[in-house]
Amino acid sequence: MPKITIDGTEIEVEKGTTVIQAAEQLGIEIPRYCYHPGLSIVGVCRICLVEIERMPKLQVACYTPVTDGMVVHTNNEKVLQARRAVLEFLLINHPLDCPVCDQAGECWLQNFYMQHGLYDSKMFEDKVKKQKALDIGPNVMLDSERCILCSRCVRFCDEITETFELGIFNRGDHAELLPYPGQELDNKYSGNTIDICPVGALTDKDFRFRTRVWYLTETPSVCPGCSTGCNISVHHNDKRPYKAGGIRISRLKPRYNPEVNQWWMCDEGRYGFTYVDDDSRIVAPQKKTRGRWQELSWNDAIDEIANKMKDTIDKHGAEAFGVILSPQMTNEDLFAAKRFFKETLELENIDFEVAAREKGYEDDFLMKADKNPNTEGAKKLGVSAMDNSGLEVAQMLAEAKDKRLKALYICHHDLEKGFNKEEVKAALSKVDLVIFQGTNQNLTSNLANYCLPSATFVEIDGTFTNFAGRVQRIHKAVEPLGESKPDWIIFRNLSKRLGKSMPYFEPEDVFNALVEEVDAFKGLSYEKIGEHGILLDGHEESAEKEMGALVA
Amino acid sequence: MNIHDKYKPLTFWEKLYLPAIIAGIWLTSKHFFRNLTLHILRALRIRRSAMGAVTIQYPEFLRPLFPRLRTMHRLTKREDGTPRCVACMMCETVCPANCIYIIADEKLEDPQIEKMPKSFDIDLGLCIFCGYCVEACPEDAIRMDTGILEISNLTRNGMVLDMETMLNLEPRQDRYVKYTKEGDIVSQEYLKQSKSE
Ligand code: SF4
Ligand code: SF4
Ligand code: SF4
Ligand code: SF4
Ligand code: FES
């Protein structure tokens, strides 16, 4: 293994490591634009120049592999001067649109200029004009004047999605990034080009001009969009809440996790969070009397619902009660639900799976057909019909139609996604007591007698188990909207009202109880799960599969 | 160093104490009797133009303003009448009173400008007139040179300035003191004008 000295510190690194990576291992930051650890190396931007002893000229750190005994200087006068010159060069034709540009605040030109530039410009020529505000795809706007031709986005489309939409055309200072003629930047992962663009050339149509990035706070989380569970940061607007007209979540960005999604996420997940601040959110417990919805206080709602549930069970027995849980719920929610329905109420008809009528999009990269983040967790926790020797969801609906089922407790599902509308209507209208617990209104909630508002994934702490058996944590970014509450708290309160208390005060308490009871989760704790999640026992193999798909 | 060192040391006369006291009383009395006389002359309509006290008889007389004074905000316009502001929210960010509220909008017809404010409100009930917003603006879009000091309203909402109002305000040059090149005050037009009324 070659030994190399960087700025006076010696380090031994793997063969084939480049200087920029070796420096990173030492915590030395070398500025870069075109280099991205997830993409091939081209060495076009030249900002990463370093001095290597016994080499006549400065070298690019991103493209130079280390050799034994190499002595590198990343910070001497010669290097700093070169960096200044490169920045001056990159900014020759770059318009300083910063007040308008959405990248301002996280722009690498700005940051490096403040760190390394600060030169007096020698330029008097007019800047070359190119096309501004060019609509190049459903999610992306291009300002080719701002582009510094680092080709990251081009390489992303060539190497990661292999859709080849973008290219750099013309030569010299007329060179311009554009989609190929007749093409649009329209692939399932196009949003990632916005993330990796080091300047504001590619901006997000969904985010453009909504807010400024320095108002945003980041909270690490996991995308609930499909069973891959990509790691994300939730960017929410706490400092200027009045800004976005009640929209608290401004955007989602992928968060690096080498085991799951690396640097990327799909567009479906990225733009799929809008229901969180949507008008259709259920914000208070509600009850339908004579066809009209009426708001209730939580106390009254819990009282009434608990009483009605008890009455139904007393009158018709446990087999007349159906419970449909959801793989959208966290492990904690599902565990509390299981305690409540199975232990407090001793029900058997508990299931969570509603197979979608239309198969979701799936590929061998990130996206999975199962659009639920916690199917695996639900299976592990034993809340399916099989585990409880009760009815499956389809059977429940059939029983309901025949009036054998008297009550249904439905969590999060929009049954319309799995069955056709008439079927759902026919079934639910025959049931005396339908309780819907969820975040947004839908056909199912409209057919219910009671609606309980749950908090969404950005409003709770908890864990999801992805398809490969990786348990990952989500964190609360904003307060639950209106009166909504995390599901496990609703179950806890109901359970307490029916005489069996669950001593949980934090999601962590629920998780600890879960770890004690469910073998698959043995030995886990929130600390152990950490930032990047942890694989459940017996899942090593599938995790490798997961990695394989990414590397290929 | 003691911070008081920057003051002049007392002279011999000042140290004697009594002469300084007497000088002070003399100065006060001089103004008192002068004002008394002038006011009487005015009241008797013998000399109407005489200014009695140094106190200004507001609002009949308005005090000349110095250009550095920060008065009510206005938004400047481009030649075509659209706001210069590009809704960059620098002023909103820097404002220590958090009293600026901007909502941005896209202006696609002109890709050279792209962004403009949809609404721009300043709550003068919260504003502390620090002028940071003016300093922060990269477009010279906001200024505090209207010369309007009379900012009051019967409701709190009435204290909120909106974009429309701010765009239509003009600087009131006539209320400001004018200087010669050497820095002497040459005219207090507004003051003179109100005097002769
Ligand atoms: S990319 Fe945007 S923020 Fe960065 S320097 Fe250019 S105009 Fe300014
Ligand atoms: S658009 Fe951005 S990522 Fe693409 S080449 Fe230009 S600067 Fe690089
Ligand atoms: S003068 Fe100061 S307090 Fe008033 S709006 Fe401007 S920045 Fe805010
Ligand atoms: S700083 Fe200037 S350009 Fe920016 S939002 Fe305020 S007034 Fe508009
Ligand atoms: S980062 Fe090395 S040349 Fe661009």
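1. The basis of the note. This is a predicted model, in which local features need pLDDT of at least 70 and side-chain atom pairs count only at pLDDT 80 or more, while totals for chains, interfaces and linings use all residues. Residues are numbered from 1 along each chain as its sequence is written, chains are lettered from A and ligands numbered from 1 in the order in which they are written, and side-chain values use heavy atoms, with hydrogens and water left out.

2. An open sheet in chain A. Three strands lie in the order S11-S12-S13 (chain A) with antiparallel pairing; strands here are DSSP runs of E with at least two residues, helices are runs of H or I with at least four, and both are numbered from the N terminus. Strand S11 (216–222) and strand S13 (249–254) of chain A stand at the edges with a single partner strand each, so one side of each has no neighbour in the sheet. From one strand to the next the twist averages 25°, where axes are lines fitted to C-alpha atoms and angles run from 0 to 180 degrees between N-to-C directions.

3. The pairing of S11(A). Strands of a sheet pair through backbone hydrogen bonds, either parallel or antiparallel, and two strands are counted as paired if DSSP finds at least two bridges between them. S11(A) is joined to strand S12 (residues 231–237) of chain A by seven bridges, and Thr217(A) stands opposite His236(A) in S12(A).

4. Strand S22 (residues 470–474) of chain A has five of its five residues buried (under 20% relative accessible area, with exposed over 50% and partly exposed in between, using a 1.4 Å probe and protein chains only). Arg470(A), Gln472(A) and Ile474(A) point one way from S22(A), whereas Val471(A) and Arg473(A) point the other way. Strand S21 (residues 462–465) of chain A pairs with S22(A) in the antiparallel sense over four bridges, and in this hairpin, with four residues between the strands, Gly469(A) takes a positive phi near 85°. S22(A) also pairs with strand S23 (residues 534–535) of chain A, antiparallel and over two bridges, with Leu535(A) in S23(A) as the bridge partner of Arg470(A).

5. The ligand sites. A residue is near a molecule if one of its heavy atoms lies within 4 Å of it. Among the residues around ligand 1 are His94(A), Cys98(A), Cys101(A) and Cys107(A). Ligand 2 is surrounded by 13 residues, and the closest are Cys147(A), Cys150(A), Ser151(A), Cys153(A) and Cys197(A). Ligand 4 has 14 residues around it, of which Cys85(B), Cys88(B), Met89(B), Cys91(B) and Cys137(B) come nearest.

6. Ala, Val, Leu, Ile, Met, Phe, Trp, Tyr, Cys and Pro count as nonpolar, Asp, Glu, Lys and Arg as charged, and the others, Gly among them, as polar. The shell around ligand 1 divides into seven nonpolar, three polar and one charged, that around ligand 2 into 11 nonpolar, one polar and one charged, and that around ligand 4 into 13 nonpolar, no polar and one charged.

7. The pockets. On a 1 Å grid over the protein atoms alone, a pocket is an open set of points where a 1.4 Å probe fits, with protein on both sides within 12 Å along at least five of seven lines, and lining residues have an atom within 4 Å of a point. The largest pocket is lined by 45 residues, with Pro224(A), Gln328(A), Lys371(A), Asn372(A) and Lys417(A) nearest its centre. In the lining of the second largest pocket, H5(A) gives the most, with four residues.
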